[in-house]
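Have the 3D view ready as you read.

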Amino acid sequence: MTTVGYWFIGIALLYTAFLIGFGHLAKKRASDGNGYFVGGRNFNKWFVAVCITGLFSGSSYISIIELSYLSGVSAVWYGVAETLQVLIIAFIMIAPFRKKALVTISGLIGDHFGDKVRGLAGAITAFTFPMWSVATALAFASALTVFTGIPLLGSVTLTATLLLIYLQFGGMWSIGFTQLSNVIVFFIMLAIGTYAFFINPGIDGLKELFATKPKYADLTAVGSQTIIAWFGTFILNVVLAQAAFQMALSCKTEKEGRQGLLIAAILGVPLIIGAIIFGLAAAYVVPDQRGLTAIPLYLMETLPAPLVAVFFLGFWAAALSWGAPCQFSGATSLGRDVGKAVNPKATEKQLVKYTKWSLVLLTALMIGFAILRSEQSAWWNILAWTTRNSATFAPVIAALFWPIVTKRAALIALFTGSASGLLWYHLGGWEVNQFFLNTHPVWTGMIVNITTIVVVTLIDSYGKWKWAGSVKDFGFVSFIVSILLSFILVLNLETLYQKGLVGLVVFFALSALFISIIRFVRKKDSIPPAIKKTM
């Protein structure tokens with residue numbers, strides 16, 4: 001173990017004790033189910049801000065710094081796409097979900113379609129969250145092992161166990177307090193990284209890097225397909241961002257929640273910029289390394305050991321601040337939603353107990369996933385996106401906007417969407433960068449998800465719905481968009497296929513058509529219009 005490693009272990013142990021203490025302090029505020037799951041809906045805007053900053057900036061910081069090292073300034077689009085997601089949630093989604101007193105997306109689906117759907121949606125959602133947690137933990141661990149010698153599995157086990165300990169105490173309040181601590185550490189890390197940059201390589205070094213390797217200055221170097229996929233994924237995830245909703249909707253009021261999200265978007269900007277600069281600096285000083293492993297090598301060459309250790313405490317805080325909401329939100333889906341489905345008469349106290357046991361199970365799963373596949377951490381992100389988004393996208397939209405959808409349609413859509421996405425991934429050999437027919441499996445799964453829920457609903461409800469189309473309705477505009485996207489697809493099929501965008505275009509065309517169907521296919525009036533006029 002290096003000198004940096006000893007410093008890091010010492011500082012990390014102190015920080016661990018601090019976080020556990022904070023978690024214990026939170027226990028007093030989580031006295032009932034409402035307090036445990038959503039902080040008693042008592043978070044102010046600053047608590048919401050640090051929670052969301054910790055969640056999104058934690059994961060994006062690690063991703064962007066690696067992307068910047070490999071592809072340069074084009075990594076900024078990842079941060080822009082994620083920031084756009086936060087802004088859409090703030091301005092569009094926070095109000096309707098706050099009025100519904102949302103706790104989880106799987107709970108929303110279950111409230112609308114019944115306990116069978118609640119149970120399946122909760123299970124699918126729950127078991128994907130440890131995949132996201134382990135992906136970020138593995139990315140952090142790959143850098144940590146450079147100067148500590150701690151194996152990847154040991155690092156993931158330590159991270160997962162710490163998350164379990166402090167989440168058990170106070171639930172959402174534990175997240176709030178620890179996210180506050182983590183965000184403070186983020187900005188200490190940012191200050192140390194900035195100091196390192198000006199020491200080596202400085203602005204002149206970046207100029208030389210851009211001159212000798214122009215791709216690092218190219219805003220599209222990462223590839224248009226990848227950039228479009230980032231925006232598409234984050235925008236579509238707006239209605240499925242359960243962990244973010246659970247924290248943001250712990251707010252006192254809708255206004256506090258929106259302000260907290262906007263503050264989080266602002267706080268994320270310097271972290272995005274810093275991650276890009278540090279990745280570029282490492283690319284100049286220690287080129288041709290394996291992604292994140294370059295960062296500790298760069299810092300150890302530039303800074304004294306204590307500062308490098310504190311910088312990587314920030315890295316660990318990033319892994320924790322992403323993992324904590326993921327693990328807790330997954331456990332809430334499993335304990336609260338699946339628990340309700342299995343035991344509809346369960347009390348809030350029982351549901352909290354189920355959730356605490358679920359945290360233990362998801363901790364074991366997180367460690368198990370690391371054992372199963374510790375290389376290519378992005379693989380777990382792809383598997384999680386495909387499994388959950390392919391299952392829950394259409395049922396969530398239906399629960400919010402299309403009351404005609406049947407319980408059977410929602411249940412079948414959950415299964416067929418997720419199964420088709422995973423089958424598509426299997427046909428592509430479970431690769432990280434190469435997919436079957438050059439199409440990402442999440443698009444295939446979501447296409448099947450939408451198609452299934454529409455077809456089964458129309459068949460199940462035959463005779464109970466009517467066509468209410470109008471050229472003056474927004475649904476008509478959406479229908480035109482669907483036609484235009486279909487023409488674009490046909491006329492540019494080969495180009496889109498080569499860029500891996502066929503699935504994305506088909507999905508958006510189908511989504512536009514789905515909006516039209518939602519607007520135009522409605523329940524028949526239970527009371528004839530002629531009678532209504534006389535009432």
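F315 touches Y61, I62, I65, F140, A143, M189 and L292, leaving out residues up to four places away in sequence; contact here means heavy atoms within 4.5 Å. This is a predicted model, where local features need pLDDT of at least 70, side-chain atom pairs count only at pLDDT 80 or more, and totals for chains, interfaces and linings use all residues. Residues are numbered from 1 along each chain as its sequence is written, and side-chain values use heavy atoms, with hydrogens and water left out.

F315 is also one of the residues with the most contacts inside the largest nonpolar core, together with I52, F311 and F312; this core has 186 residues. Such a core is a set of buried Ala, Val, Leu, Ile, Met, Phe, Trp, Tyr and Cys residues joined through side-chain atoms within 4.5 Å. Helix α14 (residues 305-342) gives the most to it, with 19 residues; helices are DSSP runs of H or I, at least four residues long, numbered from the N terminus.

## S329 on α14

Helix α14 also holds S329. Is S329 buried or exposed? S329 counts as buried because its relative accessibility is 1%, and buried means under 20% relative accessible area (1.4 Å probe, protein chains only). Beyond its neighbours within four places in sequence, S329 is in contact with F129, Q242, A243 and Q246.

## Where α3 meets α8

The axes of helix α3 (residues 45-71) and helix α8 (residues 172-199) come within 8 Å and cross at roughly 55 degrees; axes are lines fitted to C-alpha atoms over the stretch in contact, with angles running from 0 to 180 degrees between N-to-C directions.

Notes. Buried < 20%, exposed > 50% of the residue type's maximum accessible area, 1.4 Å probe, protein only. Helix = DSSP H or I, 4+ residues; strand = E, 2+ residues; numbered from the N terminus.
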